[in-house]
Amino acid sequence: MKPITIGIIEDNLDFLSSLCGVLKENPNLNLTTWNSAEEFWADEPKEWDLLILDIGLPGMSGIDVLKTYHTAESRKSLVISSLQTDDAIFSALRNGASGYIWKSELDSLHDTIQTLLDGGSVISPSIAAKVLLSFRKPQTNLDPLGVGVEVLTPRERQILELIVEGDNPQQIASLFGTTVGTVRQQIKAIYKKLQVNTRVQMLKKARQFGIF
């Protein structure tokens, strides 16, 4: 079995030790750690299966890392932080984080990682509540740029509805009898047509369109 490569940016050495201890329970995980964003970027460039990072890093923040790291759509990241402000949470999600959990929630970390690697997203229940509250704000059927659901093809509309229901690319590919790569290209097309950059933004658009 091919090792799963995980990069970790964490400046709290005690927490980093605890985190690595949990992750090493799975011998198939190959870990590399840095204590700052600057150390991460100074290292030899490499593609990671998953990047785990904190937001409140010394020097360059975790948000700054996400902004640059997620210029490649295929990359996945998980924020593990103690920061509970709306600004920190939504900035992380807007800038590409696939998941956001608290540092006290390591018990199900292996399941969380597998979900992210399978193309899903994971956020703490309290964070989910904040996201849902943001969806409940009054919305219109069109955004300021006039982009509506009619820009999507029937298949893209189906894929968007399945994503809203929680299906990942593998499940969608199986349902339609196509490849995961094809589904990912269709999701990329949905992002472009809806003029969004993250899953959260896409779900907000779906809410505007009355899909859920």
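User: How much space lies in the largest pocket?

Analyst: In this predicted model, where local features need pLDDT of at least 70, side-chain atom pairs count only at pLDDT 80 or more, and totals for chains, interfaces and linings use all residues, about 1,200 Å³ of space lies in the largest pocket. Residues are numbered from 1 along each chain as its sequence is written, and side-chain values use heavy atoms, with hydrogens and water left out. A pocket here is an open set of points on a 1 Å grid over the protein atoms alone, where a 1.4 Å probe fits and protein lies on both sides within 12 Å along at least five of seven lines; the volume is the space filled by probe spheres set on the points, which are joined across faces, edges and corners.

User: Which residues line the largest pocket closest to its centre, and which element gives the largest share of the lining?

Analyst: There are 43 lining residues, and S98, S121, Y191, T198 and R199 are the closest to the centre; lining means having an atom within 4 Å of a point. Helix 9 contributes the largest share, six residues.

User: Why is the largest pocket said to lie between domain 1 and domain 2?

Analyst: Because domain 1 (4–135) and domain 2 (154–209) both give residues to its lining, the largest pocket lies between them; the domain bounds come from an automatic or database domain assignment.

User: What makes helix 7 roughly perpendicular to helix 10?

Analyst: Helix 7 (residues 154–164) and helix 10 (residues 199–208) pack at an angle of about 110°, with axes 11 Å apart. Angles of 65 to 115 degrees count as roughly perpendicular, and helix 7 and helix 10 are therefore described in that way. The axes are lines fitted to C-alpha atoms over the stretch in contact, and angles run from 0 to 180 degrees between N-to-C directions, while helices are DSSP runs (H or I, at least four residues) numbered from the N terminus.

User: Which residues of helix 7 and helix 10 meet?

Analyst: L160, I163 and V164 in helix 7 meet R199, M202, L203 and A206 in helix 10, where contact means heavy atoms within 4.5 Å.

User: Why is helix 1 called roughly perpendicular to helix 5?

Analyst: The axes of helix 1 (residues 13–23) and helix 5 (residues 109–117) come within 10 Å and cross at roughly 75°, which makes helix 1 roughly perpendicular to helix 5. The contact joins L19, V22 and L23 of helix 1 with L109, H110 and I113 of helix 5.

Key
Helix = DSSP H or I, 4+ residues; strand = E, 2+ residues; numbered from the N terminus. Parallel < 35°, antiparallel > 145°, perpendicular 65-115°, else oblique.
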